[in-house]
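Subject: Structure handover

Hello,

Here is the structure I promised to pass on. My notes on it follow below.

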Amino acid sequence: MNKRSRLFILIAVLAVCFAFLWPSIAWYARTPKEAQALALSSLEYIKDYSSSQAAKEVAELKKAAKDDSVVLTEDQKWLEKLAKANFKKNKQAVPSPLTLKDALLSFKNEADFREAVESRYREKILKDKKHYKNSVKLGLDLNGGMSVIVKADLDSVVANNDSKETGMDAATVRKEAMAQAVETLSSRIDRFGLSSPTIRQQGDDRIYIELPGSAEADQVNSIIQGRGILNFRLVDSEATNAFASYYASNPDNTFDSTERLINSEIIPEDCEVLGLYETDSYGLDQRKGYLVVKKEIALEGKHIKSATIGSDEYSNAPTVNFTLSEEGAKIFADFTSAHVGENLCIVSDSKIKSNAVIRQAITGGQVQISGFNSSEAQNLRKVLQTAWLDVPLTVESQQVIGASLGEEAIHQGLLAIAVGLALIMIFMIIMYKGAGVHACVAQILNLYIMFSFLSAFNLTVTLPMIAGMILTIGMAVDANVIIFERIKEERKLGKDRESSVQAGFANALWAILDSNITTFIAAFFMSQLGTGSIQGFALSLAIGVISTLFTGLFVSRLIFDFYTQTCHKKNISIGWRVK
């Protein structure tokens, strides 16, 4: 491979590493502490905060807009951009100069303007939250919190699965069930305000959860072991219309503080009022109204055997298709035959997630629901899949961990890495002069690539991982030392610069590969057979071996070739008595 190709590969690797590292840079170096605190909050808090801040800003802007001469400031460029887009959309000329009053009048109504203001806060906070999600995390030993291991009873899920009806074997069911369990836990934990958890599958049937900060053990247990209830109910359209009229006239006297009806006589005795929800821009369930539904359950969710996304054969619109068990198919066929033209809703955790009209009797156990966009279809599929893959979860172990290192101690650890790296660099420069500078560049790139790996895989940095990095720093120079000594030997034999470099790298190649491959094998088995801190140490060591090989054999060789072929250097600055 020629020098130019290697240079392009190096640039590409560094660019990819920077892309992986950017979320960590954005989170730790570019996000203020106040913004981090907001991003680490639950989605409910983020929604409330964005809404309240938008209300304040709208009020301030409306007050300022009473003066017709007030123009937009530099801080209001976002509003100017939106206003110009609104004027263009309405095929109107943009006023010049564009005043604050003109900008506000470009919106159809105050609700649209408030939504635009709120979206600014929402997008900024959710962007920071995404950076945190994709960044390198600090482990509990550095940050403190609670560690929980949850066991999923996959055997019961497989036992309840009928492969003839679902078309999936046991291995596929177990895989789908674990994915659903992880997603369900993520949703529950965030919904209850336990922010920014680290949730990942551990082994075949266990889930590892890290909850930074403080959390009550009883609360965590109730969240993890809580199981949603899904069923199908008939909507009483006449009672719904009567309730809607009553609620419009008595919005403050319909429900008490616990969302129960104050006057239960406004609806039939065999009915109850439930909220109709849809997923909003925050990813939260947002109530958009109320429906009066029958208390009697038409079909229980346990009869759902599979749920998939499809499309209508005529309109190509998204649909949700689900398959019922043999017993469920018979129950559903009898029920839909008796209630054609009426509305049937899907209720999950006392929330109505879908409301559809029964157009015809549904027999055979194959059900299709339509009338929504792709995002709504995905949300409904998840709701149905929760019933289908109802995975029993039990807390196997939990441990409250205090931060063994405070912020000052973390800085001391980073300082130790920096001092150790600096001393190694000084030693290499003293011993190998110009070639030592090459080794320093390789060391810096080595750390850069290592942290990029950590960021790319959203790994959590713990004390053992830091120990592995420090060990890698010391080991990384071994490859450079071996190469430099081989080059010095070739140079002492009277060979020219290019021949010495080529022979030095060739002679050192297998020695470097042997030592690093054996280290990698040891790290691999430690990561597979070890647990906890051993895995963290092994993982950082394995990543360090890969980056060390790349920088030692690839980057160092490129630097030598650059000075030889491009700068036409004849001598080599590689020692005190070697030229």
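Start at one helix contact. W22, P23, A26 and W27 in α1 meet D128, H131 and Y132 in α6. By class, this contact of α1 with α6 has five nonpolar residues, one polar and one charged. Helix α1 covers residues 3-28, and its axis comes within 8 Å of that of α6. The two axes cross at roughly 125°. That angle makes α1 oblique to α6. The crossing of α1 past α6 is left-handed.

One caution before the rest. This is a predicted model. The protein chain has a mean pLDDT of 82. Of its residues, 88% reach 70 or more. Confidence is lowest in helix α9, residues 163-166, where the mean is 57. Helix α12 sits at the other end, with the highest confidence at 93.

**More on the helices**

Helix α3 (residues 43-64) packs with α6 (residues 110-133) at an angle of about 135°. Their axes are 8 Å apart. So α3, too, is oblique to α6. What is the hand of the crossing of α3 and α6? It is right-handed, whereas α1 passes α6 in a left-handed crossing. The contact of α3 with α6 has twelve nonpolar, three polar and nine charged residues.

Now go further along the chain. Helix α16 spans residues 463-492, and helix α18 spans residues 533-566. Their axes come within 8 Å and cross at roughly 30°. An angle under 35 degrees counts as roughly parallel, and α16 and α18 are therefore roughly parallel to each other. α16 passes α18 in a right-handed crossing. How do the residues of this contact divide by class? There are 14 nonpolar and ten polar residues in the contact of α16 with α18, and no charged ones.

**The barrel**

Five strands close into a barrel. The order is β5-β7-β6-β11-β10, and the pairing is mixed. On average, neighbouring strands of this sheet are turned by 55° against each other, direction ignored. Helix α12 (residues 237-249) packs on the sheet. It touches β5, β6, β7 and β10. The direction of α12 makes about 145° with that of β7. Recall that α12 is also where confidence is highest.

Two of the strand pairs are worth checking residue by residue. Strand β5 (residues 230-235) and strand β7 (residues 285-300) run antiparallel, joined by four bridges. N231 stands opposite E300 in β7. V235 stands opposite V293 in β7. On to β6 and β7. How many bridges join them? Nine do, and these strands run antiparallel. As one point of reference, the bridge partner of L276 in β7 is G289.

**The open sheet**

Three strands form an open sheet, in the order β8-β9-β12. The pairing here is antiparallel. Which strands stand at the edges? They are β8 (304-311) and β12 (366-370). Each has a single partner strand, so one side of each is left without a neighbour in the sheet. The twist averages 25° from one strand to the next. Strand β9 (residues 318-324) is joined to β12 by five bridges. Within that pair, F322 has V367 in β12 as its bridge partner.

**Backbone points**

Please look at the loop between α4 (77-89) and α5 (100-105). P97 is found in this loop. The peptide bond from S96 to P97 is cis, with omega near 0°. K91 lies in the loop between α4 and α5 as well. Phi of K91 is near 55°, a positive value in a residue other than glycine. Why flag these two? Because most residues other than glycine have a negative phi, and most peptide bonds are trans.

**Where to look**

- The contact where W22 and W27, among others in α1, meet residues of α6.
- The cis bond from S96 to P97, then the positive phi of K91.
- Helix α9, where confidence is lowest.

Best wishes

Technical notes. Residues numbered from 1 in each chain as written. Predicted model: local features only at pLDDT ≥ 70, side-chain atom pairs only at ≥ 80, totals over all residues. Heavy atoms only, no water. Pairing = 2+ DSSP bridges. Axes fitted to C-alpha atoms, helices over the stretch in contact; angles between N-to-C directions. Contact = heavy atoms within 4.5 Å. pLDDT = per-residue confidence, 0-100. Parallel < 35°, antiparallel > 145°, perpendicular 65-115°, else oblique. Left-handed = near helix turned anticlockwise from the far one by under 90°. Nonpolar A, V, L, I, M, F, W, Y, C, P; charged D, E, K, R; others polar.
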